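I opened my notebook to look at one protein model, piece by piece. Here is what I looked up, in the order I went.

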Amino acid sequence: MKSVLRKIPLVMKGRLAGRATETAPPPAPDAWRNTDPPFIPPDHVREMIGNPAIRVVSFDIFDTLLLRPAIRPRDIFHLLARKVDAVHGVDFIGMRWDAEARLGKDNSNIREIYGYMARRHRLDDATAAALMAEELRCEETLLYPRPDVRMLYDEAVRLGKRVIAISDMYLPGDILGPILKRKGYDLAAVYVSCDYGARKSDGSLYESVLAAEDARPSEILHVGDNYQSDYVEAVRRNITAVWNPSVFDRSFHNESVCERLFGEALRRDPIWSIFLGLSLNRLCGDASRTPDNIASPKSLRRFAEVTLAPLVTAFCLFLVSDRDIQASYRKIHFASRDGWLPHKVYSIVREHLGGIEGVYFYAGRRAYYPFLYDSFFTFAQTLFRADNLDAYTLRDLLGACFADTALLSLMEANISEADKRLPFFRHKDRCLRILRRFDREIADCMREKRARARAYYEKVFDPAEKRHVVFDLGYSGSIGKAMTAVTGRPTDKIYFWEEPPNRELDRASGSLTRLFMKGQIRPPYHLLLEELFSPCEGGVIGYDESGRPVLESMPVTESHEKDLAGAHAACLEYATEFCALLGEYAPYASLREPDAVADICRALWDTPFCNLRLLKNIAFPDPLYRTRADSLEKKLENGMPAATVFSGTGFENPENVHTRAPRLHGARRDIGMHLHLYHRSMAHEIVRYLQDFPAPFDLYITIVDASFAHTARNLFSRAFLPNLEKLLVLNVPNRGRDVAPWVLGMRPYQAAYDLFCHIHTKNSAHFDFRDEWRRYLFDNLIRPDSAAEIINAFAEHPDIGCIFPSIYAKLRQVMTSVGDPLHGSGHEHDLICEMLRRMGLGGEFCRSDLFFSGGTMLWYRPHALRQLFTCELRLDEFAAEPVGVGGTLAHAMERMPAIIAGRNGYTTKSLTLYP
């Protein structure tokens, strides 16, 4: 309980007081994990309520019976100020924020607070009364029952218990009682500190309750969220008490984590507190469900709850609240693809708050470029980047630009294979000269594309409108220019952000751009919005003869579709709940610093949990520049600098560290072990480790000198190793270091075992700590107590596929100081991707995949690494000796076991008994 007690002052000073704190240093590694004692589950509390000895059931009110959508409760004042400041000509925050403290009276009530405000700020009675009434109306509007506690209340009522509430609060009982009743809580009594001049926080209010209820302390069960006030002080007075943590405590368990994730956003715009408060209530407001660690969301849907959902809801509030937008146009046209989700959310917000119609339509650069350029060749000259200059060919360009036309087949048939393989961006002029042979056909194609596009857009845009407005995330203004050319009407834009060419275009054409984000969002966050705002379909590349959109063919994986649908569902549900909950206050909640979403995303990605991997399954093509559809994780990773070579990798993730489990005495497991005995003088060292091995095992030894075989059999006999069941010594070529003898030599034996261990006589001469490093690995892999712990971990957790020690500290220091990527050289990265493709596991490899045994020694389930032993690897693919410290297939494969296990549905853990 000490960790909880230590946290109480922090919560009181920071969150409840609502004061912005200075930027905190990164939380210590342990702070990211919840080490608080477990709370009592709601089902157990229900059983306690049913105890005949309990006559009275008591609840705390705020954060227990009722929730508010705010991380810091007093941030609701900011919402209220937006409504009342202009109407009443006041600075509500300046008057109200610390009025209770300035009043200098313990346990003051709201009437006394407003009386003080009226005197201090010379408010007339009508204004003071109106402000107080507005605060009470706002407070009640935003309050709603907490689901898990409502279940407990209903059970107490069903059992005929006397149900009361106890609260430290400036709202008196004559105000709180009716509010609670309107929220569904019909209570026998409400005890409030401002009515009794006594507080729960020092226990004195409990004395008043005991006297008023004429009950013995043991007859009262009290449930509340504040550990000190609701549990410690109650138990001190012999009241039966249950600590039911608040949503904040369930979400963070550590104030420094809240500061790290949301502190910057809250400082920039306190209204973020309202949006994020609702997010946390949705994620953690029901104790009957185990919550995620907010710093480590387990799905893209959970990530969207605290990022996309607040952002897109705030954007649509901006649209319906902007009088100029609502008065100037008949419709808002949401352009595909990244207008899809905003259009869906806008429809929800409009249903609650009103507004002009929203229309989703298909538009994309490949569809409307004929209206932006006088010829295809001018358009092609503007293409300036590619993810791989050597891989993107003329064939790729043709497929991207002419897939919806008959011209593609003509050019494919009449351009040589050698010319189609030319890297387009490296030989742009030459490629365009080749296409000049089709100048007339291309010009005809452009005219046809214009005609088909007009047929489509005539159905979308009302010709009676004098001006149109389109929503797109932003950039250069090309969509406005194209729609103006198509419709013959000025087309304005609603953008999240813009670039200088858009401002130039507005000046030249007289068009307008309304920006949601006042600042330029930092790359690569724009990619996140572009792809997660989109439906699970390809982009529009043109229109058919009937004027219907033609979409590119886009292979969609089940996981892509599922993840994207989850994120979208979170946003739609969030918007519905936000509008229903805030009601008349919703229009005042539009964010003024919406680009702070980038701060939240960055903070989530800077945690040690590898949260970028949540985007691994989202893969949209970009055929104008990319030959393959990289995942959104890979695209973002390429644009985000890492603090160290270990940042964003599995080495940093505390969830990859195995926590010790109780010893199991289960069924026997078949265990195999491979030892590559290159340095034969180390045989005695390994025998000493294995002589007390804790379970029966088979041992496979590979050697590179056949003359040593008999000696090896003698040294590793059952005379020295009592638990050894089978020994096989194999002579192998000295090629591929220890990896080829393991992967190729052990291929025939894997299927016979539940668990397998791979070790070798590591003697890295280039490190002066080589002996320490080797002993560290042996200590944590084959020392008897370590081996027993590992075998136990596999038995306890069927999802674990690999286990190895955390990276040796001195090796980590070297790797950090050198600064080379953890995947090794660029050649090794390509080898890993190629091997993954050969194994049928996909070829993409990201930073979050980096988690491996430094030294290539590990335990594993053969089934978890099955492709490693079944793919058609040959010995000659491994470099011949001598080899250096990197750059070979053996070095690449050192990085692969955890990746393979992960793609087979298994986890990988580090387990270190001997640091």
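**Ring pairs**

I began with the rings and found 59 aromatic pairs in the structure; rings of Phe, Tyr and Trp (its six-membered ring) pair if their centres lie within 6.5 Å, and planes under 30 degrees apart count as stacked, over 60 as edge-to-face and the rest as tilted. I picked Phe248 and Phe252, a tilted pair with 5.1 Å centre to centre and 55° between the planes. Both sit in helix α13 (residues 247–252), four residues apart, about one turn of the helix. My note on terms: helices (H or I, at least four residues) and strands (E, at least two) are DSSP runs, numbered from the N terminus. An α-helix has 3.6 residues a turn, so residues three or four places apart point the same way. Phe248 and Phe252 are each buried, where buried means under 20% relative accessible area, exposed over 50% and partly exposed in between (1.4 Å probe, protein chains only).

Next I turned to Phe334 and Phe471, whose ring centres are 5.8 Å apart with planes at 55°, so this pair is tilted. Phe334 belongs to strand β8 (residues 331–335) and Phe471 to strand β10 (residues 468–471), so the pair links distant parts of the chain, 137 residues apart. I found both Phe334 and Phe471 buried. They also belong to a cluster linked by ring pairs, whose members include Tyr346, Trp497 and Phe533.

**How I read the model**

This is a predicted model, in which local features need pLDDT of at least 70 and side-chain atom pairs count only at pLDDT 80 or more, while totals for chains, interfaces and linings use all residues. Residues are numbered from 1 along each chain as its sequence is written, and side-chain values use heavy atoms, with hydrogens and water left out.

**Charges over rings**

I then checked for a charge over a ring (NZ of Lys or CZ of Arg within 6 Å of the ring centre and within 35 degrees of the ring normal). The charged end of Arg150 is over the ring of Tyr185, 5.3 Å from its centre. Arg783 lies over the face of Tyr914, 4.1 Å from the ring centre.

**Two helices together**

At what angle do helix α14 and helix α15 pack? I noted about 145° for α14 (residues 255–268) and α15 (residues 272–284), with axes 9 Å apart; axes are lines fitted to C-alpha atoms, for helices over the stretch in contact, and angles run from 0 to 180 degrees between N-to-C directions. Phe262, Ala265 and Leu266 of α14 meet Trp272, Ser273, Leu276 and Leu280 of α15, contact meaning heavy atoms within 4.5 Å.

**Helix α39**

In α39, I listed buried residues, among them His829, Cys833 and Met835. The buried residues of α39 pack against α32 (632–638), α41 (889–894) and α42 (897–903). After α39 comes Gly840, with a positive phi near 75°.

I looked up Glu552, in the loop between β16 (549–551) and α30 (558–582). Is Glu552 buried or exposed? Glu552 counts as buried because its relative accessibility is 10%. Leaving aside neighbours within four places in sequence, its contacts include Arg337, Arg366 and Pro621.

**The whole chain**

Last, I counted 42 helices and 23 strands in the protein chain. Of its 915 residues, 58% count as buried. The C-alpha trace spans about 100 × 85 × 45 Å along its principal axes.
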